[in-house]
Amino acid sequence: MSNDIYGLEKLGLKNLGKIFRNLTPQELVEHELRFGEGCLGPNGSLMVDTGKFTGRSPKDKFIVDEPTTSEHVWWGAVNQPLKPEVFETLKGRVATFLSGKDLYMFDGFCGADKKHQMPIRIITKKPWHAHFVRNMFIRPKKEELQNFEPQFTILNAALYTEKEYKELGLNSEVFVIFNLAQKFAIIGGTHYGGEMKKGIFSVMNFLLPLKGVMSMHCSANVGKKGDVALFFGLSGTGKTTLSTDPDRALIGDDEHGWSKDGIFNLEGGCYAKVIDLDPEKEPDIWNAIRFEAILENVVYDENRVPDYHDKSKTENTRVSYPLHNIENTKIPSVAGHPKNIIFLTCDAFGVLPPIARLTPEQASYHFLSGYTAKVAGTERGITEPQATFSTCFGSPFMTLRPKVYSDLLAEKMRTHKVNAFLVNTGWTGGPYGVGKRMNLPDTRKMITAILEGTIGESEWHKDSVFGFEIPLHLPNINSAILNPRNTWDDHHAYDEMRDKLAHMFIKNFERFAAEDPELVKVSPTPKG
């Protein structure tokens, strides 16, 4: 049988060896072990190293600047333009590099809602990459593969590095390039699987909003009564941890769409951080590490027992697994409209309260701000907390202008009367190095108060600088921790730090002031 039954010659692939299409997990593990890509870990999981790159390479991501899509793209540091002729050169070189080789192919779907589902094809040289995308995307039924026609294709040549990158206008030997018009992407030089996952998300962030569907970097779960909650937050804020709840079914942990019918997961799996993973605090993630799961860059002993506290390889140790590895999950992962939206932040300045209620305008303001903070020691040169503002809680993946997403979110929140809250999972009693991290069980109780509606029974205090409302009491919570100023020994030091952070918010929002002048009115009002 000719390999071109899949139309691969149209991609420039010639004289191919075997095409391993949609192998089973058992078959993939056999291939992975045969080629020495990893070893078996806890409960039959696979442990791999991603090599030099243990995270995404944002400076090496490009979008082809061509006339049919360019007017919509949010050009800049996130979406760097690349000339079409450079893309064609690299596409040809990647195809030549992969020609004559055995390849692995995953055909599947992005988007659990059939109305907005995109068939995708991902072609790789490495079997563990095929395993990764099988975990992360929606696996097709056998009959769905009969007349499968991909609407977007990724050609992953991780082993290929571009030596002439300077002449081509690239930033390094690595490249992750998307041609939205051709519905095609190429990857070279990096073995990090997250480039494929986030790449498809970036494509959906381009396509869905243009037809009125909100695409979101958030987790989601649903209660027994059908009440849906969304959790927005950057890495390290607790998005995966807090949405994985034994009393609520997980819809998804990272990427979702919001259509006129409700919420749907874009993925078929989860990609959770495992640094400092604790079976008592995160039992669902712990128990998901079994057959089909892939652990990335973890340190383990001679008995292949991982040490999740060891950061010597990277702080970005992760596990990918299919949704069915979580016991309490909703499949198909679709649900109704959300009742509550929770913006998670890890405030290392110790300024923000553990929980606050937002007006619709404040919700839009915090969505566009996308605030969290990095702490000392996580990156070279960081000696004190540093504010991070990531537009829409996911600027590296936002392909359209931010206002497109914020307007869609505001419209849907108004239509469906959605409540919005800000939850700080960071520090209290002082900044990082002085105060202490928010207690996770307390944070869970606060989330429960939101989801069960008991938070509405509280009295509220309006913060004089940030303008949001802070509850004076909550069930089973020490009221003393609810107002952050009261947790600091030095109230004057708190006021200074609060004003410092408020000015950072104002400075960051200047870039949105022209397009959203009404939202400027809900900016913080520092005292000093």
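## Four annotated residues

Let's start with what the record says: an unreviewed UniProt entry gives the feature "binding site" to R56, Y192, K198 and R318. Along the chain they span 263 residues, yet no two of their C-alpha atoms are more than 14.5 Å apart, so they gather at one spot. From this set, R56 and K198 are part of the lining of the largest cavity. Keep in mind as you look around that this is a predicted model.

## A look at Y192

Where does Y192 sit? You'll find Y192 in the loop that runs between β10 (184–188) and α5. Is Y192 buried or exposed? Its relative accessible area is 5%, and the cut-off for buried is under 20%, so Y192 counts as buried.

## A second annotated set

K198 turns up again in another annotation. The unreviewed UniProt entry also has a "binding site" covering K198, H217 and D254. These residues are spread over 57 residues of sequence, but they cluster in space, with a largest C-alpha distance of 10.1 Å. Of these residues, K198 is included in the lining of the largest cavity.

Which helix holds K198? That would be α5, which covers residues 194–207. With a relative accessible area of 10%, K198 is buried. Not counting residues up to four places away in sequence, K198 touches R56, H217, D254, E255 and F397. So where does its side chain make a polar contact? The partner is the side chain of D254, at 2.6 Å.

Now hop over to D254, in the loop between β13 (249–252) and β14 (255–259). D254 is buried too, as its relative accessible area is 7%. Leaving aside neighbours within four places in sequence, D254 is in contact with K197, K198, M216, H217, C218, S219, K239 and E267.

Time to visit another part of the model. The second largest pocket has a volume of about 570 Å³. It is lined by 26 residues, and those closest to its centre are D245, D247, R248, T448 and L451.

Conventions
Residues are numbered from 1 along each chain as its sequence is written. This is a predicted model: local features need pLDDT of at least 70, side-chain atom pairs count only at pLDDT 80 or more; totals for chains, interfaces and linings use all residues. Side-chain values use heavy atoms; hydrogens and water are left out. UniProt positions are given in the numbering used here, feature names are shortened, and annotations may be inferred rather than shown by experiment. On a 1 Å grid over the protein atoms alone, a cavity is a set of points where a 1.4 Å probe fits but cannot get out, and a pocket is an open set with protein on both sides within 12 Å along at least five of seven lines; lining residues have an atom within 4 Å of a point. Helices (H or I, at least four residues) and strands (E, at least two) are DSSP runs, numbered from the N terminus. Buried means under 20% relative accessible area, exposed over 50%, partly exposed in between (1.4 Å probe, protein chains only). Contact means heavy atoms within 4.5 Å. Grid points are joined across faces, edges and corners, and a volume is the space filled by probe spheres set on the points. A polar contact is a pair of N or O atoms within 3.5 Å; within protein, one must be able to donate a hydrogen and the other to accept it, and residues adjacent in sequence count only if both atoms are side-chain atoms.
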